[in-house]
Amino acid sequence: MLSLIVFIPLLAALGLLFVDKDNRAMARAVALGASSLSFLISIGVLVWFKEAEVGMQFTETLVWVKLLNIRYQVGVDGISVLLLVLTTFLSVIAIFFSLDRKDKLRNFLALMLALEAGTLGVFVALDTILFYVFWELMLIPTYFLIGIWGEGRRVYATTKFVLYTLVGSLLMLVAIIAITVAHYNVTHELTFDIQTLVHTRIDPASQLWMFIFFFLAFAIKVPVFPLHSWLPHTYVSCPIPALVLLTGAMSKTGAYGFIRFCLPLFPEAVESLAVAIGCAAAGGIVYGAWIAVAQKDLKALVAYSSISHLGFIVLGIFAHNGQGIEGSVLQMINHGIIASALFIIVGILEKRMGTRNLNDFRGLGNAMPVLYGMFMLITLAALGLPGLNGFVGEFLILMGVWTSAMLSDMSTIFVLMGGLAIVFASIYMLYMFQGAMQEKNEKLPDHLTDINRGEAGLLLPACVLIVFIGLYPKPFIDRVSPSVDRLLTLEKTVNLDAGHDAGHH
Amino acid sequence: MLLKLTFLVPLFPLIGSIINGFFGLKLGEKKVGLIGSAAVFLSFITTILVFIGFLLLPEGEHVFEQSLFTWMVAGDFHVDFGFQIDNLSLVMMSFVTGVGFLIHVYSTGYMHGEYSFYRFFAYLNLFMFAMLLLVMGNNFLLMFIGWEGVGCCSYFLIGYYFEKKSACDAGTKAFVVNRVGDFAFLLAVMYIFSIFGTIDYTEVFHAAPEKLIFGGEVVTIITLLLFVGATGKSAQLPLYTWLPDAMEGPTPVSALIHAATMVTAGVFMVVRCNPLFNLAPDTMLVVAFVGAGTALFAATIGMTQFDIKRVLAYSTVSQIGYMFLACGVGAYTAAIFHMVTHAFFKACLFLGSGSVIHGLEGEQDMRKMGGIKGDQPITYMTFLVSTLAIAGIPPLSGFFSKDEVLYHSLMDGNIILWGMGISAALLTAFYMFRLVFMTFHGESRVDPSVHVHESPKVMTLPLVILAGLATVGGLLGIPLFHGWHLLHNWLEPILHFDLASALQHSEHMLHEAGRHAPVWSHLLEKEEHNVWLEIFLMLFSSVVAITGIALAYIFYVKRPDLPDKLTEGQWGYDIVKNKYLVDELYDETIVQPTIEGSKLLWKECDARGIDGAVNGVARVIGWFSDRGKAFQSGFVRNYALFIVVGFITLLLIAI
């Protein structure tokens, strides 16, 4: 099933290349059909996912490169299953939102599907090489999506994005190989299987550099402050449908990488660097939120606020306890829903007003009452109002940080920084809302209409989820927690220090 | 069993809000008003049924908990979505739904013909829902949903006229200022969890004396954080600045949210957490002084304002200060007593001012009023009764509750606190009668084109009922006679505090930690209830109130030229009139630096610093690659060689 979810979009992307490029109806049908099918199957996976079962489910294994024992191996646990569904869900939304694009629609849709497939692959891959392949696969469509359909300094932005990310991922490749070699040295067994490798104890010195290599790759992708400087350029240039996937799903691959690789593979390195990473994450929380206060371009505003929210997620992961990591996973979902909905609203406004600048809006509320209500709800969720989804994630993360043994001395300061960012968040979100929807505007275009059914349909699922997760997050957390428990109680059975095969099962 | 109906109390307003919010536009004004009011009325009736159910509980049971579902579980953190019915929450529920219902009825008249009438009632019902969650929740986090929920509804309603920039600004300001306090509250919740491993009231309060050292650092920090939260929501120093601006909202909102219910949430929270505050004498002192200070401070500003609603807003800030003063000296009953009576008379005053504004077709400036008591007889009479109540004239409700606060501030506090309280009482009587005289008496300064008229029955009836309650509300707490104080007897189960045993536990804990306990014996000496002192204080404060009224009479009826003469060119008066320039100070020291800092961080640090560094690295690499062009021969075999060499090198390093 998982292979279907990943490869349906990928094959559709390839198939689109055979569709006549002027046959827009066909291109639409293929793209929409593929992404919807993928979404439906992923819902099936979520439904049949056994909540209480520990370990990977829906696994599929094929030998890929026999010589090196590289395998095509996929599977999901409670953490990745939610991210999988989030990605397929956002893809449908993003593709819907790009259907009325004028130029080169077919190619655009093909690249979107390829991006979806790459992201999905990252979440299901259980073989490090396979993971790496999907990781790089995400990059190529993004490069073209921004480079061709972007705006402003799009080539500069996309080149910067790709080079920056590439540096990180090459470092990761080195570390991926090094881990397998380290494992091979002890067991004389060549494997790239993540589930096997996590049981290997690596000596602390090697752990440190390998961890840093992995960390850089993921931290650039998230991004973690101060490695974020590609993000404002990229987000401002990126076409909005692609941005929905970029911010909603792709930025989560970095955070997911921390959980899947960094925490289980390098426990000692994590312990010694957690406080430093916490400083970067907490710094980013305040930094992004503070800068967002002065933004007038709506895209830039949401971009900087994303830096802040993603900082929360990273901070929660490195709190390294139940509340922190579970809160982070939930917050990945929440941020995916909220940020993508905000970008869609930005797109809707831009389509009608021809601008994204807050100074040029004002007073849309009377003409657009439906959007007013939905925008308000999403705004409140983004600033973390209790009863809505953003609060649950933020609260659990802060609680995790507060009680974290790993961040011990700094935890109070981190929590206070989080609090400062929450206050900033209410400032920039509410001023954004006020600037766009409220007050009076004499110069509104006459033909201004409220959002149509299609647009409302794109925002409605987000609104429903925002309220549902806010009031009843339990089903989501219940799926995550067994996997997190396993992660936190992982035992290292293959001992490198002993110098021989100590416990190879 | 009647108690099983508990969950319906908040559910009715929620349903009303959903119906009105989604379908209100099609339903039309009549039905929207009916649904909105009926929802709250049903909630009120259910509250009474629950109340009866509670009274029927067997002897010795004082708490009923109803858990609906598990809200969050993560790691070892667990919290339910559940309600707690006890003596305190019942008092709150009764007056919130009761006063809330009257204000809903009034609003159907006041908001008549207003554009997007349905939106108003949807928000108002949603507010009732959030407020009921706040008072009924059985744990700190549920209180926090209500806590921010009411703040959010207050934001909606302040910015109800969202085409007015000032209204939007006021709403946003209220939200942000509250957020500061709210975060302190959240910190306290986290701290409580890390100490107790739970955030359920019953468990936390039960374990408090055994886990927290009396006067220790932990309990002091927790309670201070909670109190900072309270200063935000209840508009106390230094976070009060949002409340006067909040008067941008429609007047019924000011009555319901910014006078009777939401702003007293902080007081409720402190009383709810009394088992914690009792253990933190240092915090109590802070609470008392902030309360007394705010009471006096806001009263001085109230004397100088000309906008009728702003005077009432500062009066609210000041009266809530009294409630915190009472909390701070441990007189929780007095705090709740004053909260209830204040809800009656202040709601009546706000609604009365709304009636005046309605009658004058939107005029709020008292300098353009005067002499309208004949035109609005019912409004005038009810307003006068409530003003007498707030001024503390016996035997109206405000007299009893305020005197109880003042008596305790002297007996359990000190003479400074009492002095601040009694001074504020003098000012209260003065500025409230200044308001009455300027609005209703003297010569008319009303714009001649305005036809002054009395408001419709649906508005005056709530006024009459509230004025009636403001008159007899004092019966809840008859002083002097032992056992006649109904409220005191009623709240006894939740306010019961065994100081001696708490001190014993603390001593034990200190010994375990190898430290010595300070001498606490003096705390246990109980002071006798001094009836004669209480009678004397009552007489004294009555005299003070009458003095205040007399002064107002001289200044605003006898010699209306005097105020201008006395204040002309006085710099002290100008400062007070400009609200001590606190808003300007905050703007200068907090708001502007935040915005400027944001720009600086963005342009200098982010674009030039961090991104510049990244580009710099790229440039350096570019320079090297120029030098390294020799390697780029274009032959694939060379590249292959480099890749292999590089790969092997890396592996060697790795191993």
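## Surroundings of A27(A)

In this predicted model, A27(A) touches L16(A), V19(A), R106(A) and L109(A), leaving out residues up to four places away in sequence. A27(A) sits in helix 2 of chain A, which covers residues 24-48. With a relative accessibility of 1%, A27(A) counts as buried, because buried means under 20%.

A27(A) can also be compared with L105(A) in sequence and in space. The two are 78 residues apart in sequence, while their C-alpha atoms are 7.6 Å apart.

## Helices 5 and 8 of chain A

Helix 5 of chain A spans residues 128-149, and helix 8 of chain A spans residues 204-221. The two pack at an angle of about 30°, and their axes are 13 Å apart. Angles under 35 degrees count as roughly parallel, so helix 5 and helix 8 of chain A are roughly parallel to each other. Their crossing is left-handed.

On the side of helix 5 of chain A, the contact is made by F131(A), W135(A), M138(A) and L139(A). These meet A217(A), F218(A) and K221(A) in helix 8 of chain A. Sorted by type, the residues of this contact are six nonpolar, no polar and one charged.

## Backbone features in loops

Most residues other than glycine have a negative phi, and most peptide bonds are trans. Some exceptions follow.

H188(A) is not a glycine, yet its phi is positive, at about 55°. H188(A) lies in the loop between helix 6 (154-187) and helix 7 (194-197) of chain A. Its relative accessible area of 60% makes H188(A) exposed. R362(A), also a residue other than glycine, has a positive phi near 70°. The loop that holds R362(A) runs between helix 13 (322-353) and helix 14 (369-382) of chain A. R362(A) is partly exposed, with a relative accessible area of 27%.

Cis peptide bonds occur in both chain A and chain B. In chain A, the bond from F225(A) to P226(A) is cis, with omega near 5°. P226(A) belongs to the loop between helix 8 and helix 9 (230-237) of chain A. In chain B, P394(B) and P395(B) are joined by a cis peptide bond with omega of about 5°. P395(B) is in the loop between helix 16 (377-391) and helix 17 (397-413) of chain B.

## Chain B as a whole

Chain B has 655 residues, of which 57% count as buried. The chain contains 26 helices and two strands. Along the principal axes, its C-alpha atoms fill a box of roughly 105 × 70 × 55 Å. Among contacts in chain B with a separation of 6 or more, 81% are between residues 24 or more positions apart.

## S254(B) and its contacts

S254(B) is part of helix 10 of chain B, residues 251-260. S254(B) is buried, with a relative accessible area of 0%. Setting aside neighbours within four places in sequence, S254(B) is in contact with M247(B), G249(B), A259(B), K309(B) and F350(B).

## Cysteines without disulfides

The count of disulfides over all chains is zero. For C168(B), the closest cysteine sulfur is that of C152(B), 14 Å away, which is too far for a bond. C168(B) is buried, at 2% relative accessible area.

C273(B) is likewise in no disulfide, and the nearest cysteine sulfur, in C327(B), is 11 Å away. At 0% relative accessibility, C273(B) counts as buried.

Notes
Residues numbered from 1 in each chain as written. Chains lettered and ligands numbered in written order. Predicted model: local features only at pLDDT ≥ 70, side-chain atom pairs only at ≥ 80, totals over all residues. Heavy atoms only, no water. Axes fitted to C-alpha atoms, helices over the stretch in contact; angles between N-to-C directions. Helix = DSSP H or I, 4+ residues; strand = E, 2+ residues; numbered from the N terminus. Parallel < 35°, antiparallel > 145°, perpendicular 65-115°, else oblique. Left-handed = near helix turned anticlockwise from the far one by under 90°. Contact = heavy atoms within 4.5 Å. Nonpolar A, V, L, I, M, F, W, Y, C, P; charged D, E, K, R; others polar. Buried < 20%, exposed > 50% of the residue type's maximum accessible area, 1.4 Å probe, protein only. Disulfide = S-S within 2.5 Å.
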